[in-house]
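This report looks at a few local features of one protein chain. Which residues pair, pack together or line open space? The sections below take these topics in turn.

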Amino acid sequence: EDPEVSGLIAEGIAAGEDFGTLATRFSTGATAVRGGDIGWVDPTQMVGELRAAIEALEPGATSPPVEAGGLMHVFKRIR
């Protein structure tokens, strides 16, 4: 929800910090306890901004912060 926190997450990712650790520390979502793991998601079931962010990622890449529905999201594509 906080762009400043999103910036801290982006900085942590750039510095090589573990995505799951960052998600656990900063996320306010239900998946924070699982290191942000949302499992497999069908992109056609997502809102446009999130779908576009995920589809643009190569395996292993992390998205910049993406705003959707008043919340900030960061994704890491596993495969």
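## Salt bridge

The structure holds 1 salt bridge. A salt bridge here is a side-chain nitrogen of Lys or Arg within 4 Å of a carboxyl oxygen of Asp or Glu. The partners are Arg-25 and Glu-17, at 2.8 Å, N to O. Glu-17 counts as partly exposed because its relative accessibility is 37%. The classes are buried (under 20% relative accessible area), exposed (over 50%) and partly exposed in between, with a 1.4 Å probe and protein chains only.

This is a predicted model, in which local features need pLDDT of at least 70 and side-chain atom pairs count only at pLDDT 80 or more, while totals for chains, interfaces and linings use all residues. Residues are numbered from 1 along each chain as its sequence is written, and side-chain values use heavy atoms, with hydrogens and water left out.

## Nonpolar core

The largest nonpolar core has 8 residues: Met-46, Leu-50, Ala-53, Ile-54, Leu-57, Val-66, Ala-68 and Phe-75. Such a core is a set of buried Ala, Val, Leu, Ile, Met, Phe, Trp, Tyr and Cys residues joined through side-chain atoms within 4.5 Å. H3 and S1 each give two or more residues to this core. H3 gives the largest share, 3 residues. Helices (H or I, at least four residues) and strands (E, at least two) are DSSP runs, numbered from the N terminus.

Leu-50 touches Val-66, Ala-68, His-73 and Phe-75, not counting residues up to four places away in sequence. Contact means heavy atoms within 4.5 Å.

## The loop between H3 and S1

Ser-63 lies in the loop between H3 and strand S1 (66-68). Ser-63 is buried, because its relative accessibility is 6%. Beyond neighbours within four places in sequence, Ser-63 contacts Leu-57, His-73, Val-74 and Phe-75.

Pro-59 is also placed in the loop between H3 and S1. At 52% relative accessibility, Pro-59 counts as exposed. Its contacts, leaving aside neighbours within four places in sequence, are Arg-77, Ile-78 and Arg-79. Pro-59 and Leu-71 are 12 residues apart in sequence and 24 Å apart in space, C-alpha to C-alpha.

## Largest pocket

The largest pocket holds about 1200 Å³ of space. Of its 34 lining residues, Phe-19, Gly-36, Ile-38, Val-74 and Phe-75 are the closest to its centre. A pocket is an open set of points on a 1 Å grid over the protein atoms alone, where a 1.4 Å probe fits, with protein on both sides within 12 Å along at least five of seven lines; lining residues have an atom within 4 Å of a point. H2 gives the most to the lining, with 4 residues.

Key:
Points joined across faces, edges and corners; volume = space filled by probe spheres on them.
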